[in-house]
Amino acid sequence: MSRHEDDEQFRLFVQRQWGSLLRTAYLLTGDRGSAEDLAQSALEKTHRRWGRVLRRDAPEVYVRRAMVNTAISWRRRRRPLEVPLLTSDSQPTRDAYAQVEERQLLLAALRRLPPRTQAVLVLRYFEDLSEADTAKVLGCSVGSVKSQASRGLARLRSEFVPPAAQSPVRLEEELA
């Protein structure tokens, strides 16, 4: 295949997958700008090896794996620039935006998880990948995915308290 044909296939791949990749990147970073940087960085790494990636017939897996690895690497290098609010300052008020606030709190709790656990939960519940597909993206066993997901959900359940804590929240439903 010629370089021009490879470039055209890559361009089409990016067009088809951009929205999904950007959503995954946002869930891994928590910031729109960082998400765009992460997706572009992963796509750049993929483009360099596009011919090999295409022969394996799994470009989505390769890009997602590159995003997870890059996000973990960035997270290790960068310290958070945000200063957490006092708990007394972070009490959300009951208003029309309660669902949005609840989701933001859940995403914040998700970002406090270890990077690998966060990646498992994002891929399993936000991206709706199967345990096998998640294991393939992360390069680990299905058992590892199951245990990481179980521990991650348990930790989210213990740390996440929705603003309207009148009824129990099923995290699996909330994450979907």
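Colleague: Which residues form one aromatic cluster?
Modeller: Phe10, Phe13 and Trp50 do. Bear in mind that this is a predicted model, where local features need pLDDT of at least 70, side-chain atom pairs count only at pLDDT 80 or more, and totals for chains, interfaces and linings use all residues. Residues are numbered from 1 along each chain as its sequence is written, and side-chain values use heavy atoms, with hydrogens and water left out.

Colleague: How many aromatic pairs in the whole structure?
Modeller: The search finds 2. Rings of Phe, Tyr and Trp (its six-membered ring) pair if their centres lie within 6.5 Å; planes under 30 degrees apart are stacked, over 60 edge-to-face, the rest tilted. Phe10 and Trp50 make an edge-to-face pair, 5.1 Å centre to centre with 80 degrees between the planes.

Colleague: Where do Phe10 and Trp50 sit?
Modeller: Phe10 is in helix H1 (residues 3–29) and Trp50 in helix H3 (residues 50–56). Helices are DSSP runs (H or I, at least four residues), strands are E runs of at least two, and both are numbered from the N terminus.

Colleague: And why is the Phe13 and Trp50 pair tilted?
Modeller: Their planes are at 45 degrees, so the pair counts as tilted; the ring centres are 5.3 Å apart.

Colleague: Is Phe13 buried or exposed?
Modeller: Buried, at a relative accessible area of 2%. Trp50 is buried at 4%, and Phe10 is buried at 11%. Buried is under 20% relative accessible area, exposed over 50%, partly exposed in between (1.4 Å probe, protein chains only).

Colleague: Switching topic. What does the charged end of Arg124 sit over?
Modeller: The ring of Tyr125, 5.4 Å from its centre. The rule is NZ of Lys or CZ of Arg within 6 Å of the ring centre and within 35 degrees of the ring normal.

Colleague: Zooming out, how many helices and strands?
Modeller: 9 helices and 0 strands.

Colleague: How much of the protein is buried?
Modeller: Buried residues make up 38% of the 176.

Colleague: And the contacts between residues at least 6 apart in sequence: what share join residues at least 24 apart?
Modeller: 64%. Contact means heavy atoms within 4.5 Å.
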